[in-house]
Amino acid sequence: MNSPSRVNLLGSSPQFHLACAQIKKISRVDVTVYIDGETGTGKELAARAIHYQGLRCDGPFVPVNCGALPETLIESELFGHERGAFTDAKVASPGLVSEANGGTLFLDEVDALSMKAQASLLRFLQDRSYRRVGGGTPRHADVRVIAASNANIHELVEQRRFRRDLFYRLNVLTLHMPALRERGGDSVELAQAFLARFNHQYGMAPKRLHADAVAFIAEYPWPGNVRELENVIHREFLMSEDSELRFPGKVSHLDVKTGGEGTSFKAAKARAVADFERRYVGELLQRTDGNITRAARIAGQDRSAFGKLVRKHGLAQSACVSDLEAG
């Protein structure tokens, strides 16, 4: 059995220790699990921890981003297809469910599945049997299913955008991953761990966090959670020519403006995310002389996705015109 640190679950706060304790308990029983939490809280890491600390640790762990699957190909991707089942089916494909046989199938962004795909998944969950697209032979897969979403799945159920019976099948056990702002000093601990990893990964002169950077990391609410923190540390590590990371221009943003007592958490969070995106993208464009390809690479994002952020925040004037048009 692997400890939480072996599967990159790092943190010392009581909230995170509670999540890790739940992961340990869940890993001991072979049932379907639903993980909820905001974007960037580590839901896939939690799913991997459940798998690698459980009875199926020697089997495959197959992650699936449901939001990235074309609606017309969801059943084919999940359950496979026979040769000639549709126009582009030149050869037969076993499907992701078959690949996960004996292990775990992780369905991230499960709320993105169409109603038709939800019905197909429900049929599979009932007895783990399925048919390939274009095939008539019933097949069976010994798979543990873990699903995750950052959406309010209960609201989607009430709005009839997510099947209630499917949610009951997925939600045998529930795990909540806490937001980074709820985890006390974990942000600094994680930042130190990320920095140590980048020091080792790049083999450059070692860098450390300046006291101002530590203060910023501890106080900033991190609306993008652990993923945002990692990206910021990565960027500052690569861009800073000093041995100490100071997060220039960011300490002044320690006080997050809520816009008054009547502003909801959701609205305040959206504004904080937008402000961060605008600063982040603008600074990267400045440092790369408007080269979107280089900026996207530093940010760890797909080029087209980064280009959309440039347009979203009206920063096209800071990008090379030809480079922006190419995206």
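At 32% relative accessibility, R181 counts as partly exposed, where buried means under 20% relative accessible area, exposed means over 50%, and partly exposed lies in between, with a 1.4 Å probe and protein chains only. This is a predicted model, in which local features need pLDDT of at least 70 and side-chain atom pairs count only at pLDDT 80 or more, while totals for chains, interfaces and linings use all residues. Residues are numbered from 1 along each chain as its sequence is written, and side-chain values use heavy atoms, with hydrogens and water left out.

To stay with R181, its side chain meets that of E38 in a salt bridge at 2.4 Å, N to O, a salt bridge being a side-chain nitrogen of Lys or Arg within 4 Å of a carboxyl oxygen of Asp or Glu. R181 lies in the loop between β7 (173-176) and α8, and E38 in the loop between β1 (33-36) and α2 (43-52), so the pair ties together parts that are 143 residues apart in sequence. E38, for its part, counts as buried at 19% relative accessibility.

A second pair is E75 with K116, whose side chains meet in a salt bridge at 3.8 Å, N to O. Because E75 sits in helix α3 (residues 74-79) and K116 in helix α5 (residues 115-127), this pair ties together parts 41 residues apart in sequence; E75 is partly exposed at 25%, whereas K116 is exposed at 59%.

The search of the whole structure finds 14 salt bridges, and among them is the one between R246 and E244, with the closest N and O atoms 3.7 Å apart. Salt bridges that share partners join R208, D242, E244 and R246 into one network.

What, then, of R144, which is buried yet has no salt bridge? The nearest side chain of opposite charge, D30, is 4.1 Å away, where Lys and Arg count as positive, Asp and Glu as negative, and His and the chain ends are not counted. The R144 side chain does reach the backbone oxygen of I26, at 3.1 Å.

Conventions:
A polar contact is a pair of N or O atoms within 3.5 Å; within protein, one must be able to donate a hydrogen and the other to accept it, and residues adjacent in sequence count only if both atoms are side-chain atoms. Helices (H or I, at least four residues) and strands (E, at least two) are DSSP runs, numbered from the N terminus.
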